[in-house]
Amino acid sequence: MRGVGCHEVIVESPVHNKPLSLMNDVEVTEVLRAYRQRSDAMAQTPFVKSIIVFKNHGPAAGTSLEHPHSQLVATAIVPRHMRMQYEVAISYYDDNGRCLYSDLIVRELEAGTRIVMETERFVVFHPFASHRPFETWIMPKTNQASFNQASGEDIRHLAQVLRITLLKLYRGLDNPDFNFVIDSAPVGEERADFYQWHMRIIPRISEAAGFEIGSGIFINTALPEETAGFMRDLKV
């Protein structure tokens, strides 16, 4: 098919040197509202099948503009990576009658060792099988397949959680380069009971080498239990 899609740059602040981690809750809330508003608009475009909201911070994360910004890309296909996530979630739901991501939150809270932060609406943790050191997930406690389902109150709570998480990384890792992405259900699948949107933050403090590239198997030199403990203890 022809290469079609939509690409938007979301300017986060009029201040050139103010990263998202140093903004206040109101400013971060406005950024997240822009994410949802533009995602809602893109979802109305007839050919759009998937919407990916992401941020590249720093050269190692692939950024080409210094001014604080995020990006949104809408595509006419559902990428293979997203389809694989869905297939695993469907298989788990078929076998267990429950959402894989909801069960993941329960198990992480029970273990406690990989939890960075827990609030009324969100859980922040370092996954058991983290690909990279300090890989951080933010996940809502309520079952919502699409980020577009987040309410205004959800957005306000998420803004505070995201700001604190990014500030901990900023201070604890000396403003590392990082990527974050919002994993959300494809367009038309927003009511899926087996999936749950979430945000992944990947600090770029290590590089994929030959073994990772050749095998697709990731080597993580840091235990998520230890990195989560480090993040928990940071005062912001």
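## Glutamate 8

Glutamate 8 is buried, at 19% relative accessible area (buried is under 20%, exposed over 50%, partly exposed in between; 1.4 Å probe, protein chains only). The residue sits in strand S1 (strands, E, of at least two residues and helices, H or I, of at least four are DSSP runs, numbered from the N terminus).

The glutamate 8 side chain makes a polar contact with the side chain of arginine 38, at 2.7 Å. A polar contact is a pair of N or O atoms within 3.5 Å; within protein, one must be able to donate a hydrogen and the other to accept it, and residues adjacent in sequence count only if both atoms are side-chain atoms. Beyond four places in sequence, glutamate 8 is in contact (heavy atoms within 4.5 Å) with Arg38, Met42, Ser70, Gln71 and Leu72.

## Model basis

This is a predicted model: local features need pLDDT of at least 70, side-chain atom pairs count only at pLDDT 80 or more, and totals for chains, interfaces and linings use all residues. Residues are numbered from 1 along each chain as its sequence is written, and side-chain values use heavy atoms, leaving out hydrogens and water.

## Valine 11

Strand S1 spans residues 5-11 and includes valine 11. Valine 11 is exposed, with 56% relative accessible area.

## Asparagine 175

Asparagine 175 lies in the loop between helix H4 (152-172) and strand S7 (178-183). Its relative accessibility is 32%, so asparagine 175 counts as partly exposed.

Outside four places in sequence, asparagine 175 touches His57, Leu169 and Tyr170. Its side chain makes a polar contact with the histidine 57 side chain, at 3.0 Å.
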